[in-house]
Amino acid sequence: MAIKEYDVFVIGTGTAGKSVAYDCAAEGMKVAIADNREFGGTCSQRGCDPKKVLVGITEAMHLAACLEGKGIASVPKIDWTALQKFKSTFTDAIPFTTERDLNEAGITMYHQSPQFLDENTLSVEGKTVKAKKIVIATGQKPMELKIPGRDYLKISDDFLELPELPESIVFVGGGYIGMEFAHIAARCGAKVTIVEFGPRPLGPFDADIVSHLTKASEELGIKFIFNAKVSEVEKLQKNYRVSFQKNGKTQSVDARMVFNTAGRVPSIDDLDLEKGNVSFEKGGISVNEYLQNTTNKSVYSCGDVSASGSLPLTPTSSQEARIVSLNIRKGNHTKMDFPPVPSVVFTIPQVATIGLTEEEAKEKGYNYVVEYKSVPQWFNAKRINEKVYAYKTIVDKDRNIVLGAHIIASEAGEMINLFVLAMCGKLTCENIKAMIFAYPTWGNDIKGMV
Ligand SMILES: Cc1cc2nc3c(=O)[nH]c(=O)nc-3n(C[C@H](O)[C@H](O)[C@H](O)COP(=O)(O)OP(=O)(O)OC[C@H]3O[C@@H](n4cnc5c(N)ncnc54)[C@H](O)[C@@H]3O)c2cc1C
């Protein structure tokens, strides 16, 4: 059988892979793409988008709860089945529309994990294919916990597809996915416990800001077990028992369902990277500043799977894809040089962050000033009777520019985007204060934060 030859072979049809494939095909290159799951990737089917649909309904409930007795007569009830049906209207068609669009762009599709045979050759669907450039954009998958009973653990995909909400849930891991799901589940009526290895949830986020969220989560009924290392999961008659080590003792908590939200790792196991001379590390495919593999120069990598050092998020995946497609099409001219990247936890209230934490500003030797305030008395929070609103800003004293902003607020996700503009535009605090924003909006409040 003749060996098929392509200019570019992309592995992974998520945000990153699709984008490179379309750009290269539009340039007239012969492009193929492969995925070993439903085409379309994580964000739209098993990540950001379906999650945000579930969060949306709980936002409506939370607002009603805040205003109960202040114009709202009673808090509405959740219909989980109807909510899942509504969510499906966003996710169900993605594989079909993705394949239709790739087909229209003239891109050849393979429905299996390719494996490297050598630097430019892959084996896929029983065929041998060659490509001048190979792009690895396979994303991440949940980290497997190497404990007895790990097969009883469910993952984020399962949570987003739950036909019924169990009456009790344990989340192993209090990262952003565990925290967001815990808030959804608790607001929809489940008894939720988070078992976390560290001393608090959301390790990379500002500790002071997170302390407000921890308290609000506890008030919602979420139980935290910190400094606990999960050691086993057992199946009981109705429940699962999660055992963990804490303070040198083995303890346990029971629940109807247990989710592994302990973190995500690069999806690279099925690719036979050694045969392709593709170097990799803990964070994924090893890349240089052009997002080209450090050992196989025909390989580029973008999105969550690349060990580029950027956060594994949808907007960074798109940006990395843009760099890879430029470098493949025009030669290595575009380096990865990212501006500050915002990150949002879609709990209620949201936690949003950008730039340096206080500790990082100190480590880097900046001459800085920190402003940390709890401001539930500000009008935006007060008018909806929201009790949690706080911010921390870190400002460079010499240049009067923002080095970092950390917010907990109903609309922190939108507010942080204004700090993106301020930081990328190198606006001084004076510049920000001199601007006129619409009132009364959450965005206008940033003038009081700098
Ligand atoms: C529950 C959850 C919530 C999230 N929420 C947010 C959010 O609110 N905001 C945000 O910015 N980010 C969020 N993310 C992260 C975001 O989804 C990812 O950063 C983004 O989808 C990464 O895109 P990607 O193209 O790199 O990888 P993916 O979209 O994961 O695509 C990789 C593709 O490669 C395929 N693949 C894997 N291995 C192979 C193989 N061996 N062969 C062939 N194909 C393979 C996969 O099936 C997948 O289709 C969330 C993630 C999860 C899991």
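Me: A crossing is left-handed if the near helix is turned anticlockwise from the far one by less than a right angle, and right-handed if clockwise. Which hand does the crossing of H1 and H9 have?

Reply: The crossing of H1 and H9 is right-handed, so the near helix is turned clockwise from the far one. This is a predicted model, in which local features need pLDDT of at least 70 and side-chain atom pairs count only at pLDDT 80 or more, while totals for chains, interfaces and linings use all residues. Residues are numbered from 1 along each chain as its sequence is written, and side-chain values use heavy atoms, with hydrogens and water left out.

Me: Why is H1 called roughly parallel to H9?

Reply: Helix H1 covers residues 15–26 and helix H9 residues 314–330, and they pack at an angle of about 30° with axes 8 Å apart. That angle makes H1 roughly parallel to H9, because angles under 35 degrees count as roughly parallel (over 145 is roughly antiparallel, 65 to 115 roughly perpendicular, and the rest oblique). Such angles run from 0 to 180 degrees between N-to-C directions, with axes fitted to C-alpha atoms over the stretch in contact. The helices are DSSP runs (H or I, at least four residues), as are strands (E, at least two), numbered from the N terminus.

Me: Which residues of H1 and H9 meet?

Reply: Thr-15, Ala-16, Ser-19, Val-20, Asp-23 and Cys-24 in H1 meet residues of H9, among them Ala-321, Val-324 and Ile-328; contact means heavy atoms within 4.5 Å.

Me: What makes H3 oblique to H7?

Reply: Helix H3 (residues 48–66) packs against helix H7 (residues 176–187) at an angle of about 45°, their axes being 9 Å apart. This angle makes H3 oblique to H7. H3 passes H7 in a left-handed crossing. On the H3 side, Lys-51, Leu-54, Val-55, Thr-58, Met-61 and His-62 make the contact, and on the H7 side Tyr-176, Glu-180, Phe-181, Ile-184 and Arg-187. Six of the contact residues are nonpolar, two polar and three charged.

Me: Where does H3 cross H4, and which residues meet there?

Reply: The axes of H3 and helix H4 (residues 80–91) come within 9 Å and cross at roughly 145°, and the crossing is right-handed. Pro-50, Val-53, Leu-54 and Ile-57 of H3 meet Trp-80, Leu-83, Phe-86, Lys-87, Phe-90 and Thr-91 of H4. The division is eight nonpolar, one polar and one charged.

Me: What distance separates the side chain of Thr-42 from an oxygen atom of the ligand?

Reply: A polar side-chain atom of Thr-42 lies 2.5 Å from an oxygen atom of the ligand. A nitrogen atom of the ligand is 2.9 Å from an N or O atom in the side chain of Ser-113, and a backbone N or O atom of Thr-15 lies 3.1 Å from a ligand oxygen atom.

Me: What is the omega of the peptide bond that joins Ile-348 and Pro-349?

Reply: Omega is about 0° for this cis bond. Pro-349 is found in the loop between strand S19 (343–345) and strand S20 (350–355). The peptide bond from Tyr-439 to Pro-440 is also cis, with omega near -5°.

Conventions
A polar contact is a pair of N or O atoms within 3.5 Å; within protein, one must be able to donate a hydrogen and the other to accept it, and residues adjacent in sequence count only if both atoms are side-chain atoms. Ala, Val, Leu, Ile, Met, Phe, Trp, Tyr, Cys and Pro count as nonpolar, Asp, Glu, Lys and Arg as charged, and the others, Gly among them, as polar.
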